[in-house]
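Thanks, everyone. Please have a look at the structure on the screen, and then I'll walk you through it.

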Amino acid sequence: MPVEQGEDTAENSHRFMLRWKMMLTLSAILIALGIFVDWSPPEDTSLPDPSSFLTILGILLGFGGVLTATRR
């Protein structure tokens, strides 16, 4: 049984590693899209600016990735 527990621990560690790396990669992509892509102005002024939305979403996803990385 201890061998199976070691394999489960290694598999879970690998999953966490992939998860936080993917979250940080997606975060960087969203932030880059928000900062560097020139979005056309919205026709409805009550809607938020897409670049700030993508940047904020990227930052939140990045914080989630960092928290996932520190969880293990």
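One definition to begin. The expected span of a helix is 1.5 Å times one less than its number of residues. Keep that in mind for a moment. Also, please remember that this is a predicted model.

Now the overall picture. The protein has two helices and zero strands. Buried residues make up 15% of its 72 residues. The protein exposes about 5,800 Å², and carbon and sulfur atoms supply 67% of that. Next, the contacts with a separation of 6 or more. Of these, 73% are between residues 24 or more positions apart.

Let's take helix α2. It runs over residues 50-71 and has 22 residues. How far does α2 reach from its first C-alpha to its last? The answer is 31 Å, close to the 32 Å expected at 1.5 Å a residue.

Which residues of α2 are buried? They are Ser-51, Leu-54, Thr-55, Gly-58, Gly-62, Gly-65 and Thr-68. Look down the axis of α2: the buried residues fall within an arc of 145°, so they line one face of the helix. Turn to the other side of α2. There, Ile-56, Leu-60, Phe-63, Leu-67, Thr-70 and Arg-71 are exposed.

Let's zoom in on the buried face. Thr-68 sits in α2. Thr-68 counts as buried because its relative accessibility is 13%, and the cut-off for buried is under 20%. What does Thr-68 touch, leaving aside neighbours within four places in sequence? Its partners are Phe-16, Arg-19, Trp-20 and Met-23.

Leu-61 is also in α2. Is Leu-61 buried or partly exposed? With a relative accessible area of 25%, Leu-61 is partly exposed. Leave out residues up to four places away in sequence, and Leu-61 touches Met-23, Leu-26, Ser-27 and Leu-30. Now compare sequence and space. Leu-61 and Trp-20 are 41 residues apart in sequence. Their C-alpha atoms are 9.7 Å apart in space.

Over to helix α1. This helix covers residues 2-36, and Ser-27 lies in it. Ser-27 counts as buried, at 5% relative accessibility. Which residues does Ser-27 touch, again not counting those up to four places away in sequence? They are Gly-58, Ile-59, Leu-61 and Gly-62.

The backbone oxygen of Gly-58 lies 2.5 Å from a polar atom of the Ser-27 side chain. For Gly-62, take the backbone nitrogen instead: it lies 3.4 Å from a polar atom of that Ser-27 side chain. Both Gly-58 and Gly-62 are among the buried residues of α2.

Last topic: charges. How many salt bridges are there? The count comes to one. Arg-15 forms it with Glu-11, and the closest N and O atoms are 2.6 Å apart. Both residues lie in α1. They are four residues apart, about one turn of the helix. Are the two partners buried or partly exposed? Arg-15 counts as partly exposed, at 46% relative accessibility. Glu-11 also counts as partly exposed, at 39%.

To recap. There are two helices and zero strands. The buried residues of α2 line one face. Ser-27 of α1 touches Gly-58 and Gly-62, among others. And there is one salt bridge, between Arg-15 and Glu-11. Thank you.

Key
Residues numbered from 1 in each chain as written. Predicted model: local features only at pLDDT ≥ 70, side-chain atom pairs only at ≥ 80, totals over all residues. Heavy atoms only, no water. Buried < 20%, exposed > 50% of the residue type's maximum accessible area, 1.4 Å probe, protein only. Polar contact = N/O pair within 3.5 Å; in protein donor to acceptor, adjacent residues only side chain to side chain. Contact = heavy atoms within 4.5 Å. Arc of directions from axis to C-beta. Salt bridge = Lys/Arg side-chain N within 4 Å of Asp/Glu carboxyl O. Areas by Shrake-Rupley, 256 points an atom, 1.4 Å probe, with all protein chains shown as cover.
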